[in-house]
Amino acid sequence: MSERVAIVTGGNRGIGFEICRQLSKQKVHVLLTSRDEQKGLHAIEALKTEDISVNFHQLDVTNPQSIARLIEHLERTYRRCDILVNNA
């Protein structure tokens, strides 16, 4: 994977949502995270209507197990993180 990889915490609404939109437009592979899975998936669908592709992973930044699951997913799928937007 040659494009940069970004994680955006709290990406399902507000500033985080807009950051996901703008990073994706800059050809960055975006992993949108949110505490609530349904809200995160809804955000992904909203971006798809704009022909913007981002991926989702559930993340509660206050839960060590949730953080560990994200790290495992990141290592297995992308092998790196180039940009972290800690918006949550």
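Analyst: In helix α1, the buried residues are G16, F17, C20, R21, L23 and S24. This is a predicted model in which local features need pLDDT of at least 70 and side-chain atom pairs count only at pLDDT 80 or more, while totals for chains, interfaces and linings use all residues. Residues are numbered from 1 along each chain as its sequence is written, and side-chain values use heavy atoms, with hydrogens and water left out.

User: What makes α1 a helix, and what does α1 pack against?

Analyst: Helices (H or I, at least four residues) and strands (E, at least two) are DSSP runs, numbered from the N terminus. The buried residues of α1 pack against β1, β2, α2 and β4 (83-86), where contact means heavy atoms within 4.5 Å.

User: Why is K27 called exposed?

Analyst: Buried means under 20% relative accessible area, exposed over 50%, and partly exposed in between (1.4 Å probe, protein chains only). K27 has a relative accessible area of 64%, so K27 is exposed. K27 is placed in the loop between α1 and β2, and its phi is near 65°, a positive value in a residue other than glycine.

User: Why is D51 called exposed, and where is D51 placed?

Analyst: The relative accessible area of D51 is 74%, and therefore D51 counts as exposed. D51 is in the loop between α2 and β3 (55-58). Although D51 is not a glycine, its phi is positive, about 60°.

User: Why does P64 count as exposed?

Analyst: P64 has 60% relative accessibility and so counts as exposed. P64 belongs to helix α3 (residues 64-77). Between P64 and L41 there are 23 residues in sequence and 22 Å in space, C-alpha to C-alpha.

User: What makes β1 mostly covered?

Analyst: Of the 5 residues of β1, 5 are buried. Both faces are covered, with V5, I7 and T9 on one side and A6 and V8 on the other.

User: How do you know that β1 pairs with β2 and with β4?

Analyst: Two strands pair if DSSP finds at least two bridges between them. β1 is joined to β2 by 4 bridges, and the two run parallel; β1 is also joined to β4 by 4 bridges, again parallel. The bridge partner of V8 in β2 is L32, and in β4 the partner of V8 is V85.

User: What is meant by calling the β-α-β unit of β1, α1 and β2 right-handed?

Analyst: A crossover is right-handed if, with the strands pointing away from the viewer, the path from the first strand over the helix to the second runs clockwise. The unit made by β1, α1 and β2 carries this label.

User: What makes a set of residues a nonpolar core, and which residues have the most contacts inside the largest one?

Analyst: A nonpolar core is a set of buried Ala, Val, Leu, Ile, Met, Phe, Trp, Tyr and Cys residues joined through side-chain atoms within 4.5 Å. The largest has 15 residues, and those with the most contacts inside it are V8, C20, L23, V30, L32, L47 and V54. The elements giving two or more residues to this core are β1 (5-9), α1 (14-25), β2 (29-34) and α2 (37-48). Apart from this core lies another, of 7 residues, among them I7, L31, L59 and L74.
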